[in-house]
Amino acid sequence: MSRALELAAIASVVIAVWVLYLFRKKRLKEDHAILWIFVSLSIVILSTWGDVLSTINRLVGAENPADLIQAAFIAFLLLICIYYSVRISELTEQNRKLSQEIGMLKSQIDDGKMERDG
Amino acid sequence: MNKKAKVLVIIPAYNEETNIASIINEVREKASQADILVVDDGSKDKTAEIARHLDVRVVSHPFNLGIGGAVQTGLMIAKKWGYDIAVQVDGDGQHDPAFVYTLIKPIAEEKADISIGSRYLNNANVNISLMRHIGVRFFSWLTTKISGRQITDCSSGFRALSKRAIGLFAYEYPVDFPDAEALIFASRAGLKLVEIPVKFRGRNGGKSSLHLWRFLWYPIKEGFSVVMLLTKRQGKYE
């Protein structure tokens, strides 16, 4: 196992532990925690299980196993970015709806007060 | 607990315009002492309009939060208004309100904090797909092992909750799948669980919110949540 793969495996274990810590502290939801743990474990398996990496390497024609992991990681990060863009758009839309609902509720309360006060 | 316990029937509903009127009328008929609250979970149809027309209290989410979010809203209101017992009756008509008082009994007698209507006890009818059946049986077995109480139907949403359970779940409740995780959480907080045999009915109309990806996602998420719950310190909830 090359030094780069060793480092990738160690970094992935550290990330998995950090993700579990964030989940326990309720700063991360289950869906996201499971996703990141799955990614971390995949990297650990690919980094330590040389045969799998060599086979994938031959199939895609990469020169260096570490390059393959790097390329896969960049592709994954792009997908994650798109996923979070979609989520942010949804949250923006929900935020807008909430603001409108609160505005309308406030106006109803004010109308009620004005009616009561004459 | 005195005989005049305040009971709130919470009906979470999402796009249930074909079922909501009949379930409200059934609850009124079969659980006449209970107040009714419909939690409209961001329906795009006339669910909320129909419920309001029937003169029950309706809380509408501006968008869909999922069954756990809808039930928790109901429990927060039950806590705020000082109800002694809350009963969840789903808006799709699968829960027969005739069992509401049977579910409430162990709580009124202070024998339990959470009373769960089980499809599996005493050969009560079970009408679910094989995959779902396997998932429910596995997580029920897991819940039994962890809680020390026999649980046969952890996925049943037909539940009655005591004031303690209302307070606990108003504070924290799983949003996506409030099944085994919620029961284990409650058990570890010192709440007593009991199961009562009930019969579930088929949907009268409308569409189920359970899709294929949710069936696949269910064991992963539920398993992860339960394992992580076990790593947390156990403590009594008062």
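Chain A has four helices and zero strands, where helices (H or I, at least four residues) and strands (E, at least two) are DSSP runs numbered from the N terminus. Chain B has eight helices and seven strands. This is a predicted model: local features need pLDDT of at least 70, side-chain atom pairs count only at pLDDT 80 or more, and totals for chains, interfaces and linings use all residues. Residues are numbered from 1 along each chain as its sequence is written, while chains are lettered from A and ligands numbered from 1 in the order in which they are written.

**Confidence**

- The predictor gives the complex an ipTM of 0.70 and a pTM of 0.84.
- Chain B has a mean pLDDT of 89, and 92% of its residues reach 70 or more; pLDDT is the predictor's confidence in each residue, from 0 to 100.
- Within chain B, confidence is highest in strand 4, at 98. It is lowest in helix 8 (residues 212-231) of chain B, at a mean of 84.

**Chain A: overall form**

- Along the sequence, the pattern of chain A is α-α-α-α.
- The radius of gyration of chain A is 24 Å, whereas a compact globule of 118 residues would have one near 13 Å. The radius is taken over C-alpha atoms, and the globule rule is 2.2 Å times the number of residues to the power 0.38.
- Taken along the principal axes, the C-alpha atoms of chain A fill a box of roughly 80 × 30 × 15 Å.
- Of the 118 residues of chain A, 9% count as buried. A residue is buried if 20 or more other C-beta atoms lie within 10 Å of its own, exposed if 12 or fewer, and partly exposed in between, with C-beta atoms placed from the backbone.
- In chain A, 53% of the contacts with a separation of 6 or more join residues 24 or more positions apart. Two residues are in contact if their C-beta atoms, placed from the backbone, lie within 7 Å.
- Helix 3 (residues 50-60) of chain A lies largely in the open, because one of its eleven residues is buried.

**Chain B: overall form**

- Chain B is as compact as a globular protein of its length, because its radius of gyration is 17 Å, close to the 18 Å that the globule rule gives for 238 residues.
- The C-alpha trace of chain B spans about 45 × 45 × 35 Å along its principal axes.
- Buried residues make up 46% of the 238 in chain B.
- Residues 24 or more positions apart supply 77% of the chain B contacts with a separation of 6 or more.

**Nonpolar cores**

- The largest nonpolar core has 61 residues. Those with the most contacts inside it are B:Val9, B:Ile10, B:Ile11, B:Ala86 and B:Val87.
- A second, separate core has five residues, among them A:Ala8, A:Ile43, A:Leu46 and A:Leu53.
- A nonpolar core is a set of buried Ala, Val, Leu, Ile, Met, Phe, Trp, Tyr and Cys residues joined through C-beta atoms within 7 Å.
- Leaving aside neighbours within four places in sequence, B:Ala86 is in contact with B:Leu8, B:Ile10, B:Gly74, B:Leu75, B:Ala78, B:Leu161 and B:Ile166.

**Helix 6 of chain B**

- B:Ala165, B:Ile166, B:Leu168 and B:Phe169 are buried in helix 6 (residues 163-171) of chain B.
- These residues are on the same side of helix 6 of chain B, because they cover an arc of only 170° around the axis. The arc is that of the directions from the helix axis to the C-beta atoms.
- The cover over the buried residues of helix 6 of chain B includes helix 3 (67-80), strand 4 (85-88), strand 5, strand 6 (159-161) and helix 7 (180-188) of chain B.

**A buried arginine**

- B:Arg159 is in strand 6 of chain B and counts as buried, with 25 C-beta neighbours inside 10 Å.
- Not counting residues up to four places away in sequence, B:Arg159 touches B:Gln88, B:Ile114, B:Ser115, B:Ile116 and B:Gly117.
- B:Arg159 and B:Ala86 are 73 residues apart in sequence and 8.3 Å apart in space, C-alpha to C-alpha.

**Positive phi in chain B**

- B:Asn15 has a phi near 50°. B:Asn15 lies in the loop between strand 1 (7-13) and helix 1 (20-30) of chain B, and is buried, with 21 other C-beta atoms within 10 Å.
- B:Glu110 has a phi near 60°. B:Glu110 lies in the loop between helix 4 (100-108) and strand 5 (114-118) of chain B, and is exposed, with 10 other C-beta atoms within 10 Å.

**Interface**

- Eight residues of chain A are in contact with nine residues of chain B.
- The chain B side has five nonpolar, two polar and two charged residues. Ala, Val, Leu, Ile, Met, Phe, Trp, Tyr, Cys and Pro count as nonpolar, Asp, Glu, Lys and Arg as charged, and the others, Gly among them, as polar.
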